[in-house]
Amino acid sequence: MSDTPAIELRKINKRFGPVHANKDIDLVVKKGSIHGIIGENGAGKSTLMSILYGFYQADDGDIIVDGKKVTISDSKAAISMGIGMVHQHFMLVDNFSVLENVVLGAEDSALLSGGINRARSELKRLEEEYELRVDPEALIQDLPVGLQQRVEILKALYRSAEVLILDEPTGVLTPPEADHLFKILEVLKNEGKTVLLITHKLREIMAATDTVSVMRRGEMVATRETASTSMEELAELMVGRSVLLRVDKKPAQPKAPVMEVENLTVTDSRGVQVVKDVSFNVRAGEVVGIAGVSGNGQSELLETLAGIRRATRGTLKINGETIDLGTSTLDAADMRAKSMGHVPEDRHRMGLINSFSEYENSILGYHRDPAYSKGVLMDLAAIKKNAVAEIEKYDIRPPNPMLKTANFSGGNQQKIVLAREIERDPEVLLVGQPTRGVDIGAIEFIHRRIVEMRDAGKGILLVSVELDEIRALSDRVLVMFDGKIVGERGADADEGELGLLMAGVEDNNKMAVEGGAL
Amino acid sequence: MFEIVILTLDSTVRLSTPLLLACLAGLYSERSGVVDIGLEGKMLGAAFGAGAVAYLTGNAWIGLLAGMAVSIGLALIHGFASITNRGNQIVSGVAINFLAAGLTALLGQTWFRQGGRTPSLPEGGRFRDIILPYAEELRDVPVIGGIYSELLSGHNILVYAAFVAVPLTWWVLFRTRFGLRLRAVGENPAAVDTAGISVTWLRYRAVIACGALCGVAGAYLSIAQSSGFIKDMTAGKGFIALAALIFAKWKPANAMFACLLFGFLDAVAIRMQGQKIPGIGEIPVQFFQALPYILTVILLAGFIGKAIPPKAAGIPYLKERS
């Protein structure tokens, strides 16, 4: 093993419009090592790797491969430098055979037969060398995702990749498949290959890597030897101690539960259980926060309660009414009618229609409400009057109900959604990522509104990946990991302790959790 | 009776040829992910270009090249709109249809002053029928004579070219590097991009191949099947070719059978004109003209298997922001 790093990045910058996805990134990857890059969703990991693979071009900065400064203008250049990438969403042609996919782009000559035959014998060799077994004639669409991923790895090896980038490789895998993948990576490493493993899962970093770099909000914040760091330290580095958010609030005066969830299990479209037998309640006059690294089932939990996603089983008691979620056909409108407001996690995808004007968005989902409609017609006068009132009360700027919501800033867009849901005065409010991509001023305003609602005796369920936000707002904190609630803490919870729970480190206080959750 | 069958099949071949050429043209484009509703317009433009140039030069081959050039030009406009500028492919295709319909009539009238037609072609300006060896000698042999001398012999070169293009297209698609990449880019352009291949250049090549074949289809109409261009002479053949493409599930051999079927319906419609069928009476010719579309709708509704288009068809390729 020589000392020249396999890959070195110096001061890489990348902007997408106003978003600074990568800020002055430095990275050194040792040859023949497994190097992990960890960070939350949106931290800029995938962007950085896409730059290395030539899918995007950096705005500035240097890439040094094998000691030589290079320009990677497209994926072809990256491949020729021995860089291969397994993308998060597989880059495979579903109705092609494994062979055809492997050969695509590396066909040898204008006629296929030669390349296909070489690939067939080469695959056999790779299969023996790395134990990457897969039927070369099988169609991709007939293979399980674990094998599809193997095809992606084979594709890279076929192009004699020396550096293999894997972007969130375990996201689609079952735990045994993931274990098998890590064994493969170990074999690759022993054969002298360099592996870059991108993930937001701490456990994988600890299990598989030699070195780990942490990214947060587009910046590279630290690089550690995996052996000399801990999940706790990494969790802290990942989440960061950003602006310390403080919200003035009196102690909660919780009353009877307004929402009780029991044994809720949710399975996603891939057939993977994403929420596993979760039980908790929310009382009137309290904010219950759900903390967790994103992708641990919080989003699915929220969507299920909001009526957007179907549960496998579980019951929901709301305002004394019991609903069997396993069989219910209640949709989002029905749940709203049961006095449950929902501020979705992604305002662009679910909260707003950005090509609609502000006043139209201000009644989205409530357009059948008699207050805003007359028979089949909308009562535009009433809707606009309401919109103007909300604009004033929530200080939405610019104060123009006719403007398309696309033209409002993130903070003001979020206020529009929040105003719509809070002003319908629901008994329970589900809030997801209320301040994602929102400026500091709006964050304070939004937090104050949520606390006011709590003080008015409503129950609030808050899901956020910002630990500071959870700690600032919540009266009780539930931590979700791998689809389960792994711990409950009070409002004064210690950050390090929560970080450990979020990382999936076993809770030694389990009895207290079970006592407190019910 | 046998003679009627042979004659009907003979005209089936003639009527299928432009459909088949246009259908294969569409196949190249759509397999690459570029939906092409502008086959009609490209055919019409090519028919006019071929008719006008063949008249002026008196050379059918130069006419053919001119037709192909016009069609490729229109295809490049479609490519520029839908590949480079990532525009809506349906809108661009419809625009090309209107452009061709208007421009051919206008230029035809301005240049030749014959109500939008081109003048009748001189000798040499039109593709002649080719008599296969021994066709005359074998004419009187029962069955074989009819098939060989009537059905197989006596077509112009473009007819033979169209049917040779079927196995050729299959070979290109499934046996060459270009074909593999073409099929891949129509299914998952991101896979092609990450394999280090230019999606844009690949799609442009597909669109050019489409234009070339469409050009032959158009030239066939004006300088092989008839002797000169007539306003709106494609009369919806581009759309029927598109229907045949869907009917064929984007496969070359299927495309040939679909086009032969639609050509046969057309031939029957012509033969049945004014004829009464006992017990039913006269079948309106419109019924036969509508049949290709009706069959396609039935297919799309899922009654005859499932027609699954290339997955990326109609979707402009844009590198996603992660």
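In this predicted model, Ala244(B) touches Leu19(B), Cys23(B), Ala255(B), Ala258(B), Cys259(B) and Phe262(B), leaving aside residues up to four places away in sequence. Chain A takes part through two domains, as at least three core residues come from each of domain 1 (7-239) and domain 2 (257-360 + 426-517).

We can turn next to the place where the two chains meet. The contact is made by 24 residues of chain A and 18 residues of chain B. On the side of chain A, the elements giving two or more residues are α1 (45-52) and α2 (75-80). That side of chain A is made up of 11 nonpolar, eight polar and five charged residues.

A few details of the backbone are also worth a look. Arg397(A) and Pro398(A) are joined by a cis peptide bond, with omega about -5°. Pro398(A) sits in the loop between α13 (380-393) and α14 (410-422) of chain A. Two residues other than glycine have a positive phi: Asp24(A), near 45°, and Arg86(B), near 50°. Asp24(A) is part of strand β2 (residues 19-29) of chain A, whereas Arg86(B) is in the loop between α3 (60-84) and α4 (89-112) of chain B. Asp24(A) counts as partly exposed because it has 14 C-beta neighbours inside 10 Å. Arg86(B) has 12 such neighbours inside 10 Å, and therefore counts as exposed.

Definitions and conventions. Residues are numbered from 1 along each chain as its sequence is written. Chains are lettered from A and ligands numbered from 1 in the order in which they are written. This is a predicted model: local features need pLDDT of at least 70, side-chain atom pairs count only at pLDDT 80 or more; totals for chains, interfaces and linings use all residues. Domain bounds come from an automatic or database domain assignment. Two residues are in contact if their C-beta atoms, placed from the backbone, lie within 7 Å. Helices (H or I, at least four residues) and strands (E, at least two) are DSSP runs, numbered from the N terminus. Ala, Val, Leu, Ile, Met, Phe, Trp, Tyr, Cys and Pro count as nonpolar, Asp, Glu, Lys and Arg as charged, and the others, Gly among them, as polar. A residue is buried if 20 or more other C-beta atoms lie within 10 Å of its own, exposed if 12 or fewer, and partly exposed in between; C-beta atoms are placed from the backbone.
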